[in-house]
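Here is a short report on a protein model. Look at the sequence and the structure first, then read on.

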Amino acid sequence: MKTRRDFIKISTLAAGGVAVGLAPLKYLRGLEGKKILTDLPVGTNREIYQRFPTYCEVCFWKCAGWVYTNSDNQILKVLGNEEDPLCNGRLCPRGTGGIGMYYDNDRLKTPLIRVTRNGKQEYREASWDEALTLVASRMKDIKSKYGPEAMALFNHGSSGKFFSHLLKAYGSDNITAPSFAQCRGPRDVGFENTYGVSVGSPEVTDIRDTRCLVLIGSHIGENMHNTQVQEMSDAIDKGLTLITVDPRLSTAAAKSKYWLPIKPATDIALLMAWIHVIIEDGLYQKDFVEKNTIGFDKLKAHVQLMTPEWAYGITTLEPSLIRRTAREMAEAAPAVIVHPGRHVAWYGDDSQRARAVAILNALLGNWGARGGFFFSEKTSLPEFPCPPYPAAKWNWRNNLNGRYPLASESITNVIIESSIPSAAVTHTVKGWIVSGTNLPEAIPDKSMFLKAAQELEFIVVVDTMPMEITGYADVVLPECTYLERYDELRNSAFREPTIALRMPATPPKFESKPAWWMAKEIGERLGLHEYFNYKNYEEVIDWQLKQIGSSLAELQKNGILRLGRTKPLYAEGPELSFNTPSGKIELYSSAFADAGFDPIPVFKQHPEPPEGYYRLIYGRAPMHTFSRTANNSNLIDLMPENAIWVNPRVAAIEGIKTGEMVYLKNQDGVMSSFPVKVRVTERIRWDSVYMVHGFGHSRKELSKAFGRGASTTELITNVMTDPTMGGTGMRGNFISFQKVNQGKEVES
Ligand SMILES: Nc1nc2c(c(=O)[nH]1)N[C@H]1C(S)=C(S)[C@@H](COP(=O)(O)OP(=O)(O)OC[C@H]3O[C@@H](n4cnc5c(=O)[nH]c(N)nc54)[C@H](O)[C@@H]3O)O[C@H]1N2
Ligand SMILES: Nc1nc2c(c(=O)[nH]1)N[C@H]1C(S)=C(S)[C@@H](COP(=O)(O)OP(=O)(O)OC[C@H]3O[C@@H](n4cnc5c(=O)[nH]c(N)nc54)[C@H](O)[C@@H]3O)O[C@H]1N2
Ligand code: SF4
Ligand SMILES: [Mo]
């Protein structure tokens, strides 16, 4: 499809740098004291010269680690910091393989500016000064024509901090990230409207000390959030009862005492049946419920007919299995966790499912209990002084027109929609800064993204790689990787407060630069000097650390600062207080009722796949993170592409075999750009097919990822939006198998 803003391929610029293959990668402990790394390829200078503290950027768990370099300034390895409670000295395979990002020769190397030559749009290399001056002048232009609010920021990851500061100083509050509406938003809204607070990141789940862990879709073990994986595996060794609800035999399901292979999209029925059993059989924590909740009688009446027999007809799960698992939870209570999940934007009623999870937990009395949900603690770290931000005159909320009243964070899809002028859009967004998020892969319904890209006056993209998003930019700014830069301090809330430092282990490769520098340079060109009143980011970090009695020098040496708790980890008495309208855990949510939503969750039927179609579900692989690692040679060695999991019954009907390549076509006629390998397995239900998200890249500049596997996002054209908070439910798409390519032009 042609757009006004043509999608441009970034030509691979001059090669440079040495690619160091690091096979085999291991789940390693710290190497302190050793001087030689033995598993590096012959020819590499293997002697450790120095180590530098970092925290990992391959996902958002932010494990603290050490980067080892040799005397040639080559990065040899990244290993976990033993002092870090988020990793206990061990990184996951992605964290260990993260240095593949640094060595990737496909990296963005210089700033690029979109130009038209002989009627054709293309990028040309530019100096930093030219690129940054252009960005500032286009931002000035938008400000004078439409006001500063017409600039929006899409961010994910560390660079977001700096561009958020820039945008707020400039006068806009249209700042957003996919981590809300595409990820944990429905969970947060569900918990906020039950407990008055959500479960945070890292989650406050006391997996270490739990006796029973219930995973509903959460596929810990494939979802590699480090502390959770470590604690779950230790707890299994200590006799944990693991109950996994998943239409697929996930890694966790395979280690579970009970696997409940639920029919997709029916989890609310299961949850309500569990609540029914726990109430009817008197298995709930009576004292806790009496002292800390409101709405119990209404809940009891509500679930009266929601028996396991009722749920059986919906979920296909045996009533006896539902009863037995409810009892297991109750027996372990309060050392039991029904995991709130993380990526929960599934079916558009996800905040209701999250409420059902929250209510079930409340009946088990585990809030503030050892082995349930602990109280995390975080240090308050003062911000570097600057003037107050100017007040923005409007933001994304002004375009809601009564929709999504319970959204507690900004909604990416609303800002994209606000970039397409229409009668429904009161205030139009005209320019975007995009940093650290590959929007065409992260946000479903790509047609909306493409329309916005056509309408916008200006797009600047900050990335490390020539990902799909960069092809829509007017200016591309190459960020150096996390191994080559300072970033904001990691200030984590967990069982104990910790602060971790990320510093460069080596100078940035090519012409790449850190985000803090780009934001400051743009800010200064916009006349916002007083918001960037420092020479470099070391100065900011040092100032912040000195406010809490430490210093940059101390963190450069130790990497991490453990601050010790000031408040108890668990509840001390039977009665707790909650930041809800009633001050109690709201089994019946007055906020949901006031906004016109079901105050207690109700199961509603979702559409089923038509004949010849199967529900597309997706998830993670231990060695990859979304679309960002698909070109990382260390991780490609471990998993080069995704496959489509197909039940043997389906394979027989469709006449497909393991290893065969097929195209996928969804209910709206959208065909995958590339074929994907079939994996026939009993580990998936017959009504669904499964793929790992993040593959099927359509940029040739990603020389290792291009055309490998299929993209889940391009097949997600039906979005079921959560009316409470705008989350984009992505699991209502159905695919059929196509053996022949029907001739589709490859786009990103
Ligand atoms: N290795 C790795 N780890 C990661 C990430 C990564 O990219 N790579 N990303 C991190 C991030 S940001 C997030 S948000 C988390 C996401 O990780 P989770 O929150 O654990 O992800 P889920 O959405 O629960 O999704 C996947 C599981 O849901 C199952 N499923 C699909 N449909 C249904 C259904 O209707 N009902 C039930 N009960 N199960 C269903 C799938 O079979 C699959 O096993 O992972 C984090 N950890
Ligand atoms: N179909 C489908 N869509 C999903 C999901 C899914 O499972 N399936 N998961 C959802 C979830 S849970 C989440 S959290 C989101 C994640 O959404 P995103 O975070 O947008 O995920 P990625 O696709 O990894 O895109 C990350 C981008 O950041 C760039 N990048 C990496 N490191 C840096 C850096 O240091 N600096 C800068 N400036 N850029 C960097 C990468 O090159 C890439 O372009 O996706 C959501 N969307
Ligand atoms: S869990 Fe893995 S990828 Fe995520 S921050 Fe930790 S080491 Fe990095
Ligand atoms: Mo996420």
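Helices and strands here are DSSP runs, numbered from the N terminus; a helix has at least four residues and a strand at least two. The model is a predicted one.

**A glycine in a loop**

Start with Gly157. This residue sits in a loop, with β6 (151–155) on one side and α4 (160–170) on the other. Is Gly157 buried, exposed or partly exposed? Its relative accessibility is 23%. Buried means under 20% and exposed means over 50%, with partly exposed in between. Gly157 therefore counts as partly exposed.

Which residues does Gly157 touch, apart from its neighbours within four places in sequence? They are Glu57 and Phe60. Now take Cys59. In sequence, 98 residues separate Gly157 from Cys59. In space, their C-alpha atoms are 8.3 Å apart.

**Strands and their partners**

Strands of a sheet pair through backbone hydrogen bonds, either parallel or antiparallel. Both senses occur at strand β20, residues 614–619. This strand is mostly covered, with 6 of its 6 residues buried. With β27 (residues 734–738), β20 pairs in the antiparallel sense. With β24 (residues 688–692), β20 pairs in the parallel sense.

Another sheet is open and has 3 strands, in the order β16-β17-β18. Its pairing is antiparallel. The edge strands are β16 (490–492) and β18 (560–562), and each pairs on one side only. From one strand to the next, the twist averages 15°. Strand β17 covers residues 498–500.

| Strand pair | Sense and bridges | One bridge |
|---|---|---|
| β20 and β27 | antiparallel, 2 bridges | Arg615 with Phe734 |
| β20 and β24 | parallel, 5 bridges | Leu616 with Val689 |
| β17 and β18 | antiparallel, 3 bridges | Ile499 with Leu561 |

Look again at β20. Arg615 has its bridge partner in β27, while Leu616 has its partner in β24.

Definitions and conventions:
Residues numbered from 1 in each chain as written. Chains lettered and ligands numbered in written order. Predicted model: local features only at pLDDT ≥ 70, side-chain atom pairs only at ≥ 80, totals over all residues. Heavy atoms only, no water. Buried < 20%, exposed > 50% of the residue type's maximum accessible area, 1.4 Å probe, protein only. Contact = heavy atoms within 4.5 Å. Pairing = 2+ DSSP bridges. Axes fitted to C-alpha atoms, helices over the stretch in contact; angles between N-to-C directions.
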